[in-house]
Every structure is written in structure tokens, then in C-alpha cells.
Amino acid sequence: MSVFNDSVLYPCFLLTGFSGLESRYGLISLPIFLVYATSVAGNITILFIIRTEPSLHQPMYYFLSMLAFTDLGLSTTTLPTMFSVFWFHTREISFNGCLVQMYFIHVFSIIESAVLLAMAFDRLVAIRAPLRYAAILTNDVIIGIALAITGRALALVFPASFLLKRLQYRPVNILSYPFCLHQDLIKTTVSSRRVSSIYGLMVVVCSMGLDSVLLLLSYILILGTVLSIASRTERVKALNTCISHICAVLTFYTPMIGLSMIRRYGKNASPIVHVLMANVYLLVPPLMNPIVYSVKTKQIRDRILKKFNQHKV
């Protein structure tokens, strides 16, 4: 009896990769590794360029640095267990280890959502009040925004981990993905999950739900301002400054909505589809953001080419 109680007190969790394709994990892990390597290289490049170019020490690029740092954190938090599953066929993870990974995955996801909102506010101020832009978005204001974004994420997710810790689990629990997510851990509990489920929903509503509404409102205000500009050339120029950010927003929210829809309505879908959507949700934004900003933002693109040419010479 004591052995069983110890097992329940310290439950074991088994991560899940692509079921039925275990013999091809070596091949499957190759594109995952390439995505991870490209994400890390791209985001480090963005951070390096902004850090070393004084002309980029502006609010827009400070927010871009926050986005790159968040993407690095999200990739680094997710990939260890994925490589453990796909490279070493090691599925087991301790309860505490699972909670830690879950905590940081959700913290970085909430931070990314808030950073995208802050970037929308930056574009709103730049377009609606260009003459007051520097006076509104001072360094102190940007530091305050960064601290508020981080503090909100840390504070929101911590109680979720605490509530999960209080639940009871089987000695061995099988998860749906090669990493730990809150909604996946809740499914494995054998005790009442009502409080944890309600709190998890509240976190989503108060973070990504609120951020998405404010994002939409920001772009309604931006569009209204742009349409009031008399010159067509100036209208196009103003909208072009938002293209990279719009791509980043779509890259973040589209996979998230897709994963939610699959979980809600795709119960008959293959487990491979669920794992694939979860991987897209966590891997694609850190990959695409530096690519989009490097290609669509002239200042970033020119500085990267300048650094490349200097090293080439």
C-alpha cells in the first residue's frame, strides 16, 4: 500500500510523439532540429543587430527584442523533451519536471501575446501621434511595459501550477504531446478538476483573450487614422509599417486557434494531427518572426546585409 501511495504522490508522466511512427523518429527529428536551429540563429541575430546598431535603439526595436527573447525562451523550454522523445525514445518525465516545463511554456506564450499587443500600441502611437511618439514611448515607459508584461505572466500561471500540484493522479499517466501543457495535465487527474479547469480558462481569457480584443481595437483605430490620410502614398507607407507585425500576430494566433479547434472538435482525428498542431503552435512563431522581420523591415534587413558583407570582406 505504501508503494502505491508513493507512486500517486510522485506520479510519472509519459510524453507522446507521433504514435505508430517510432521507427522514423530519427527522420522526423531532422526537420524539428532544423526549425529549432533556424529559430535560435534568427532570434539571436535580431537581438545582436538591435544591440549593436545605435540607430535601432528605438521603441519599435526594443519591443522586437522582447519578442525575439521570448521566442528563444519558448523554443528552449519546449525542445529538450521533444529531443528526448525523438532522439533517445525517452518518454518518462517526473511530475515536478513536467510542472516546470508547463509553467515556462505558458509564461512565454502569455508574454508573447502581450508583447504583440505592446507592438500594436507602438504602431498606433507612431501613426496617430507621430510628433509625440518619442515623448510617449520613453525608455522608462518601455521598461515599465516590459515589467508589467513579465509580472502578469508569472503571476497568472503560478496558481495554475499550484492547483495541479494538489490534484491526484494515477501512478503512470500518458500525455498527448512530447511536452507538458496545462490542458493535457488536467485530463490525467483522477480527482475533481473543476477548480483547475475554471482557473485555466480564466487565465486564457485574462491574457490572450484580452490581448486579442485590444489588438483588434488597436488596428481598428490604426485603420481609421490611415483612411483619414489624404495622400494615397502616405496611406500605403503607414500601412507598410504594420505588415511585419500583422504577420507576427497571424503566425501566433492562427496555430493557437487551430490547436484549440482540434482539441475541441477533432476528437476523432488521428493523434498524429493533434501532435502536429501542437508542434506547429510552439515551433512556428519562433521560426517565422525573425524571418518576417528580417525580410519585411528594411532597417533590420539592411543592417544584417551590412554585417554579412563586413564579415565577407
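## Largest pocket

In this predicted model, the largest pocket has a volume of about 1000 Å³. Its lining comprises 31 residues, of which Gln 183, Gly 200, Val 204, Ser 260 and Arg 263 are the closest to the pocket centre.

## Helices and residue classes around the largest pocket

Five named helices each contribute at least two residues to the lining of the largest pocket: helix 4 (95-128), helix 6 (139-166), helix 7 (182-187), helix 8 (194-227) and helix 10 (243-265). Helix 8 provides the largest share, with ten residues.

Sorted by class, the lining of the largest pocket contains 15 nonpolar, eleven polar and five charged residues.

## Second largest pocket

Among the 15 residues that line the second largest pocket, Met 60, Tyr 61, Thr 241, Thr 297 and Gln 299 are the closest to its centre.

## Helices and residue classes around the second largest pocket

Two or more lining residues of the second largest pocket come from each of helix 3 (59-88), helix 9 (232-240) and helix 12 (298-312). The greatest contribution to this lining is that of helix 12, which supplies three residues.

Technical notes
Residues numbered from 1 in each chain as written. Predicted model: local features only at pLDDT ≥ 70, side-chain atom pairs only at ≥ 80, totals over all residues. Heavy atoms only, no water. 1 Å grid on protein atoms, 1.4 Å probe; cavity = no way out; pocket = protein on both sides within 12 Å on 5 of 7 lines; lining within 4 Å. Points joined across faces, edges and corners; volume = space filled by probe spheres on them. Helix = DSSP H or I, 4+ residues; strand = E, 2+ residues; numbered from the N terminus. Nonpolar A, V, L, I, M, F, W, Y, C, P; charged D, E, K, R; others polar.
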